[in-house]
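Please take a first look at the sequence and the 3D structure below. A short report follows, one region at a time.

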Amino acid sequence: MFRRIRSDIETVFENDPAARSRFEVIFTYSGLHALWAHRIAHAFFRKRLFTIARIISQISRFMTGIEIHPGARIGERFFIDHGMGVVIGETCEIGNDVVIYQGVTLGGTGKEKGKRHPTIGNNVVIGSGAKILGSFTVGDNCNVGSNAVVLREVPPNCTVVGNPGRIVKRNGERVSRLDHNQLPDPVVEMFREMQTQIDRLHQELELLKKQPVPGGEFKQ
Ligand SMILES: CC(C)(COP(=O)(O)OP(=O)(O)OC[C@H]1O[C@@H](n2cnc3c(N)ncnc32)[C@H](O)[C@@H]1OP(=O)(O)O)[C@@H](O)C(=O)NCCC(=O)NCCS
C-alpha cells in the first residue's frame, strides 16, 4: 500500500512542474485525493457493497469536484491534474501512466448497455474538456487534444483533436485531413448524402418528363 502511495506522489512530480514538496502534494492535490478515495470505493464495489461504494464516491466528488464511479478500473501512475469537472463512468478501464486534465468526461452515449464507457490504453494524455464517449478503445500512447469529442476507436500512437475527434498525427507523422480511412468527417458525409439525393431527383425528373401529359402529348 505504501509503495503505491509513494508511486502516486512521484507521479505528481513527474507530471506537474508546479509541484513543490511532498507535503504540498499530499494535502493540496485533489486529483490524488479523488484517486485514493476511488481505491477505497472500488474495494467496496468489488465486494458488492455498492451503496457504501457510491457514498464514498459521492463524498469524494463533493470534496474534489471529480466524479469517479466506484466500478471504474484504473491502472498505475494515474494522474488527474486540477481535476474539477472530471467524470469517469462505471465500465471505464484506464491503463497505466494516463494523465487527464480538468473537465474530461469518459462516458457513455446513452445508447449502450453493459460495457458502455471507453477503455483507455497505457501512456495516454487526455486534454482539458475532452469527451470520450462510448465503449471503444483509445490505444496506447495517444494524445487527445483539449475539448476533443471522441466517438470512435482510436488506434495506438495517434493524436486526436476537434469535434468530432479526428486523427491529426499517427506514429509521429501528420495525417492528411482528406485521408478518409481515418475518423469520419460528417461534412463530407453530408455532401455525399446530398449528391445521392440530387442524383435520385434527377432520375425522377427524367422519368416524369417521359410521362404522357393530359391532352396526349409528351412533355419536353
Ligand atoms: C493534443 C496535444 C496533447 C498535443 O499533441 P501532439 O501530438 O504533440 O500534437 P501537436 O501539438 O503536434 O498538434 C498536431 C495538430 O493538432 C492541432 N491541435 C493540437 N491540440 C489541439 C486542440 N486541443 N484542438 C484543436 N487542434 C489541436 C495542432 O494545431 C496541430 O495542427 P497542425 O498540424 O494543423 O499544425 C495538446 O495540444 C493538447 O491539447 N494538450 C492538452 C493540454 C491541456 O489540456 N492542458 C490543460 C492544462 S491546465
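Which exposed residues does the face of α4 turned away from its buried side carry? They are Thr51 and Phe62. Keep in mind throughout that this is a predicted model.

## Helix α4

Helix α4 covers residues 50-64. Its 15 residues, at 1.5 Å a residue, should span 21 Å. The end C-alpha atoms are 21 Å apart, so the helix agrees with that expectation.

Ala53, Ile56, Ser57, Ser60 and Thr64 are buried in α4. Viewed down the helix axis, the buried residues fall within an arc of 95 degrees, so they line one face of α4. Their cover includes α3 (30-46) and β1 (67-68). Thr51 and Phe62 are exposed, on the face turned away from the buried side. Just after α4 comes glycine 65, with a positive phi of about 80 degrees.

## The nonpolar cores

The largest nonpolar core holds 32 residues. Ile88 and Ile126 have the most contacts inside it. Two or more residues come from each of α3 and β14 (158-161). A second, separate core has eight residues, among them Ile9, Val12, Ala19 and Leu32.

What does isoleucine 126 touch, leaving aside its neighbours within four places in sequence? The contacts are Val99, Ile100, Tyr101, Val104, Leu106, Ile120, Ile132 and Val144.

## The parallel sheet

Five strands make up an open sheet. Their order is β1-β4-β7-β10-β13, and the pairing is parallel. The edges belong to β1 and β13 (149-150). Each has a single partner strand, so one side of each is left without a neighbour in the sheet.

Inside this order, β4 (residues 87-88) pairs with β7 (residues 105-107). The sense is parallel, over two bridges. Valine 87 stands opposite threonine 105 of β7.

## Strand β14 and its partners

β14 has pairings in both senses. With β12 (residues 143-144), β14 pairs in the parallel sense over two bridges. With β15 (residues 166-170), β14 pairs in the antiparallel sense over four bridges. Valine 160 of β14 is the bridge partner of valine 144. Valine 160 also has a bridge partner in β15, isoleucine 167. β14 and β15 form a hairpin with four residues between them. In the turn, glycine 162 has a positive phi of about 85 degrees.

Where does valine 161 sit? Its place is in strand β14. Its relative accessible area is 25%, so valine 161 counts as partly exposed. Not counting residues up to four places away in sequence, valine 161 touches Gly145, Ala148, Arg166 and Val168. Asparagine 122 is 39 residues from valine 161 along the chain, and their C-alpha atoms are separated by 19 Å.

## Cysteines

How many disulfides does the count come to? The count is zero. Cysteine 92 is in no disulfide, and its nearest cysteine sulfur, that of cysteine 142, is 14 Å away. Cysteine 158 is in no disulfide either. For cysteine 158, the nearest cysteine sulfur also belongs to cysteine 142, at 5.0 Å. A disulfide needs the two sulfur atoms within 2.5 Å.

Are cysteine 92 and cysteine 158 buried or exposed? Cysteine 92 has 1% relative accessibility, so it counts as buried. Cysteine 158 is also at 1% relative accessibility and therefore counts as buried.

Methods: Residues are numbered from 1 along each chain as its sequence is written. This is a predicted model: local features need pLDDT of at least 70, side-chain atom pairs count only at pLDDT 80 or more; totals for chains, interfaces and linings use all residues. Side-chain values use heavy atoms; hydrogens and water are left out. The expected span of a helix is 1.5 Å times one less than its number of residues. Buried means under 20% relative accessible area, exposed over 50%, partly exposed in between (1.4 Å probe, protein chains only). The arc is that of the directions from the helix axis to the C-beta atoms. Contact means heavy atoms within 4.5 Å. A nonpolar core is a set of buried Ala, Val, Leu, Ile, Met, Phe, Trp, Tyr and Cys residues joined through side-chain atoms within 4.5 Å. Two strands pair if DSSP finds at least two bridges between them.
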